[in-house]
Amino acid sequence: MELENLSDKDLYARCQEYGTAARVWRRRFAGLLPEVARRELHRRRGHASIYEFAFKLAGMSAASVDKVLHLAEKLADKPALLAQLESGSQGWSKIEKVAFIAPPEPDKEWAEQEETMGTHALEAAVQAVRPFPE
């Protein structure tokens, strides 16, 4: 079907569908970056850096790549949260909110809360647990 023949409602529905799919695939791609960096796959595929690799393949900014790689390091002892990052089931900014306060091994509880809570509710839960600076 040609786009010109779509109603506004159908065109909008298609835009929503494609936009959602794009976000999901970008999260999945981001979850692969720590392993790509570890294996230095980007160099073997002719890219000068992990940043060039991520930009050319997924349009990711250097700042986003840095966040994902730093987050993966922080999650090394948090397998449930790391699995969420690698699978792309949750966005890296949402995982980042709990990464610094979740205890190492029993991080599954935070991973479950992350899946069920909205961003604002999750921020409130993190603030309730995080100690105040003196």
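What percentage of the 134 residues in the protein chain is buried? Buried residues, meaning those under 20% relative accessible area with a 1.4 Å probe and protein chains only, make up 31% of the chain. The model is predicted, so that local features need pLDDT of at least 70 and side-chain atom pairs count only at pLDDT 80 or more, while totals for chains, interfaces and linings use all residues. Residues are numbered from 1 along each chain as its sequence is written, and side-chain values use heavy atoms, with hydrogens and water left out.

The protein chain contains 8 helices and 0 strands, where helices are DSSP runs of H or I with at least four residues and strands are runs of E with at least two, numbered from the N terminus. Its radius of gyration, taken over C-alpha atoms, is 18 Å, well over the 14 Å from the globule rule (2.2 Å times the number of residues to the power 0.38), so the chain is more spread out than a compact globule. The C-alpha trace spans about 60 × 40 × 25 Å along its principal axes.

Two packed helices are described by the angle between their axes and the distance between the axes. Helix H1 (residues 8-39) packs with helix H3 (residues 50-58) at an angle of about 155°, the axes being 11 Å apart; axes are lines fitted to C-alpha atoms over the stretch in contact, and angles run from 0 to 180 degrees between N-to-C directions. That angle makes H1 roughly antiparallel to H3, a term for angles over 145 degrees. In the contact (heavy atoms within 4.5 Å), H1 contributes Arg26, Phe29, Leu33, Val36 and Ala37, and H3 contributes Ile50, Phe53, Ala54, Leu57 and Ala58.

How values were computed:
Angles under 35 degrees count as roughly parallel, over 145 as roughly antiparallel, 65 to 115 as roughly perpendicular and the rest as oblique. Buried means under 20% relative accessible area, exposed over 50%, partly exposed in between (1.4 Å probe, protein chains only).
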